[in-house]
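Reader: Before we discuss charges and contacts, could you put the sequence and the model on display?

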Amino acid sequence: MRIYCAKDYYHVSRVAANIISAQVIMKPDCVLGLATGSTPIGTYEQLIRWYEKGDLDFAEVSSINLDEYKGLTPEDEQSYRYFMNTHLFDSINIDKRNTFVPDGTEQDSEKACKDYEKIIHSHGGIDLQILGMGHNGHIGFNEPGSAFDKETHCVKLAESTIAANARFFASMEDVPKEAYTMGIKTIMQAKKIVVIVSGEDKKDIVKKAFLGPITPEVPASVLQLHNDVILVGDEAALSEYNKAVQ
Ligand code: F6R
């Protein structure tokens, strides 16, 4: 694993965007695995700036996102499809027909997940997967305890997650109770992985995930077994890791 320690969130975003740019320049028809959440927003903003300057061309790129809430339509402002459109796709020249997010409107979970795996395989797999990481080490919606051999599957959201999301919805009934997510196995099949972390609140989990035992209790710890991972973090997020390896 390679570690890239940047000064702050702005520089983390620039480094991550540089890695994505290099991938797009070297293989213009590459398949990018993308994530939502707050961490990659700065990376996407940077990619948009370079696209606007004429330095990047996404015309042939395909993208496959990690996850989506079951039951939400693409128009729903809380859906991950909506997030991707507003934070990236609407501002670059990617062909939206080549952008994939699990189909939240598909009620048949088995079908939704099988179809998604088919999409990934028919594209020849993911060239570069971008990941954020939760405070408990989750990646995608793979929470602690998730088996490492899972492909795309439907997860029941924890009560605490449902309660935390309630503020974004008109009523408790509208809050999604399930989500579709690439599994750990799917994620590990990506050819390259870039993990982006920022902020002091991530310092303990970064150390645990990358220096601690490899265990389903810390889903991101599985990344220690991948042969091409770059961890890009700011000084705050990498502080405990750096202390331990010095
Ligand atoms: C997003 C995703 C999540 C986030 C994680 C970190 O598609 O799958 O695993 O990457 O929750 O979120 P932030 O970046 O908001 O700290």
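**Charges, contacts and the ligand**

Author: Glu-117 is buried but takes part in no salt bridge, and Lys-185, the nearest side chain of opposite charge, is 7.5 Å away. Buried here stands for under 20% relative accessible area, exposed for over 50% and partly exposed for anything in between, with a 1.4 Å probe and protein chains only. A salt bridge requires a side-chain nitrogen of Lys or Arg within 4 Å of a carboxyl oxygen of Asp or Glu, and for charge Lys and Arg count as positive, Asp and Glu as negative, while His and the chain ends are not counted. The model is predicted, with local features needing pLDDT of at least 70, side-chain atom pairs counting only at pLDDT 80 or more, and totals for chains, interfaces and linings using all residues. Residues are numbered from 1 along each chain as its sequence is written, and side-chain values use heavy atoms, leaving out hydrogens and water.

Reader: Which side chain does a polar contact of 2.7 Å join to that of Glu-117?

Author: Glu-117 lies in helix H4, residues 109-122, where helices (H or I, at least four residues) and strands (E, at least two) are DSSP runs numbered from the N terminus. Contact means heavy atoms within 4.5 Å, and, leaving aside neighbours within four places in sequence, Glu-117 is in contact with Glu-151, Thr-152 and Thr-186. A polar contact is a pair of N or O atoms within 3.5 Å; within protein, one must be able to donate a hydrogen and the other to accept it, and residues adjacent in sequence count only if both atoms are side-chain atoms. The partner at 2.7 Å is the side chain of Thr-152.

Reader: How much of the accessible area that the ligand has on its own does the protein cover?

Author: The ligand is surrounded by 14 residues, the closest being Thr-39, Asp-67, His-138, Gly-140 and Lys-202, where near means a heavy atom within 4 Å. An oxygen atom of the ligand is 2.6 Å from an N or O atom in the side chain of Asp-67, and a polar side-chain atom of His-138 lies 2.7 Å from an oxygen atom of the ligand. Of the 410 Å² that the ligand has on its own, the protein covers 85%.

Reader: How many residues apart in sequence are the parts that Glu-178 and Lys-70 tie together?

Author: The side chains of Glu-178 and Lys-70 form a salt bridge, N to O, of 3.5 Å. Glu-178 lies in strand S8 (residues 178-181) and Lys-70 in the loop between S4 and H3, so the parts tied together are 108 residues apart.

Reader: Which residues are linked with Asp-228 in a network of salt bridges?

Author: Asp-228 and Lys-192 form a salt bridge, with the closest N and O atoms 3.0 Å apart. Asp-228 lies in the loop between helix H7 (203-211) and strand S10 (229-234) and Lys-192 in strand S9 (residues 192-197), so this pair ties together parts that are 36 residues apart in sequence. Asp-228 counts as buried at 15% relative accessibility, whereas Lys-192, at 33%, counts as partly exposed. The residues linked with Asp-228 in the network are Arg-2 and Lys-192.

Reader: Is Lys-243 buried or exposed?

Author: Lys-243 and Glu-240 both lie in helix H8 (residues 235-245), three residues apart, about one turn of the helix, and their side chains meet in a salt bridge of 2.9 Å, N to O. Glu-240 counts as buried at 17% relative accessibility. Lys-243, with a relative accessible area of 55%, is exposed.

Technical notes: Accessible areas come from the Shrake-Rupley method with a 1.4 Å probe; for residues, only the protein chains shown count as cover.
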